[in-house]
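Welcome! Take a moment to look over the chain below, and then we will walk through a few of its features together.

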Amino acid sequence: MNTLTRQFFSRALPSATLLLGSAALAQQTINVGDLNSSYNRNIWYMSIAVIVMAILIFVGVSYALFYTVNKFREDKRSAEPEQFHGNNRLETVLIVVPVIIVTIITILAARTMAIVNPTPKDALHVNATGAKFWWAFEYPESKVQGGTGTVTNGNELVIPAGRQIAITATAKDVIHAFWAPNLGGQRDAIPGSKKTWQIDTDKPGVYQGNCTVLCGPSHANMRFKVVALPKAQYDTFIAAAQAYKAPAPVSTSEKNGYTIFMQGKASAGAAACLSCHRIQGTQAAGAVGPDMSFFGSRNTLGAGIYEGQARINHIKPWIKKCVDLKPGCLMPAYEKLSDQDLGDLQAYLLSLKLPENASYWGKVPVR
Ligand code: CUA
């Protein structure tokens with residue numbers, strides 16, 4: 001084995017195995033062929049028709065090629081092959097057949113676009129806004145009760161299964177792109193532009209989403225989850241989210257966390273969190289960073305970098321210096337806050353919870 005080959009076997013193979021292993025650990029499959037989505041189904045049916053035609057063309061052309069090579073191969077006995085020019089019938093066939101094929105594909109494509117592109121009347125509207133490096137999901141039809149604004153969540157998109165979702169994508173800073181492959185097509189999220197299209201799934205579950213346009217150093221750390229709930233559970237969630245008012249801090253730790261969040265801590269050079277983050281039912285109304293209203297009910301941190309327990313373990317390091325965990329993260333570092341203060345902020349943030357019956361994690365399987 002030469003050095004390169006050895007390096008391949010000693011490095012590339014184990015890391016490939018590791019990748020496969022971690023994919024299995026996450027138990028999540030990204031699948032554009034997920035036929036529980038009507039969007040994917042329509043594209044898939046069209047693809048099958050085109051693939052079948054392509055196979056027929058391949059077989060036909062291969063047959064014609066071998067037939068011609070065999071029939072008209074050089075005859076060693078004659079000095080010069082038979083000379084002829086043109087074949088009107090064959091040339092007509094070679095023009096007409098491709099025109100028919102292209103026409104069929106055009107009709108199929110136009111038909112599929114006419115099905116998947118228009119927004120159905122009963123679709124649920126959600127605005128998805130990409131930012132460096134996270135997603136805001138806003139429900140324009142769900143006003144906050146007794147307050148201003150509409151229900152908003154960060155990096156976790158909750159939808160009802162079995163209903164068309166009209167996503168309107170835009171971006172705050174640079175071009176991002178929204179794609180939840182199991183639920184339908186991908187679209188660019190462009191600053192100053194709004195694009196609406198559909199996603200949907202019949203199958204309740206947690207699905208993976210990604211940003212798919214290179215947008216900066218943490219492009220690959222700009223993931224999101226789509227949690228598709230059965231209709232009744234979604235209705236419970238959205239009603240609770242509309243009625244949500246952040247609970248008042250209870251413990252000493254939560255109270256200190258609350259104070260730092262709302263007022264900052266001058267002695268540690270820490271600015272107040274509320275200028276960038278919103279918490280429904282408090283004076284915090286910032287829209288620069290992700291909405292923190294029911295942070296305690298979420299399962300991910302840093303736009304999907306950490307999940308479950310790893311999420312809890314990384315809250316303090318995240319507040320302390322998020323660029324260490326996510327290159328290009330725009331949140332300033334809070335390095336002078338003591339470990340106690342960071343813990344208190346964590347305690348306060350984790351206390352921001354939806355009622356248990358309205359929380360959306362753990363209710364549906366991870367797909
Ligand atoms: Cu945002 Cu890539």
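Which residues have the most contacts inside the largest nonpolar core? They are A128, V158, V226 and F237, in a core of 70 residues. This is a predicted model, where local features need pLDDT of at least 70 and side-chain atom pairs count only at pLDDT 80 or more, while totals for chains, interfaces and linings use all residues. Residues are numbered from 1 along each chain as its sequence is written.

A nonpolar core is a set of buried Ala, Val, Leu, Ile, Met, Phe, Trp, Tyr and Cys residues joined through C-beta atoms within 7 Å; buried means that 20 or more other C-beta atoms lie within 10 Å of a residue's own, with C-beta atoms placed from the backbone. At least three core residues come from each of domain 2 and domain 3. Leaving aside residues up to four places away in sequence, F237 touches V158, L229, A358 and Y360, where contact means C-beta atoms within 7 Å.

The domain bounds come from an automatic or database assignment:

| Domain | Residues |
|---|---|
| domain 1 | 38-74 + 86-116 |
| domain 2 | 124-243 |
| domain 3 | 252-358 |

Between the C-alpha centres of domain 1 and domain 2 there are 38 Å. Four residues of domain 1 meet five residues of domain 2. On the domain 1 side, helix α2 (residues 38-71) gives the most, with three residues; helices here are DSSP runs (H or I, at least four residues), numbered from the N terminus.

Definitions and conventions: A residue is buried if 20 or more other C-beta atoms lie within 10 Å of its own, exposed if 12 or fewer, and partly exposed in between; C-beta atoms are placed from the backbone. Two residues are in contact if their C-beta atoms, placed from the backbone, lie within 7 Å. Helices (H or I, at least four residues) and strands (E, at least two) are DSSP runs, numbered from the N terminus.
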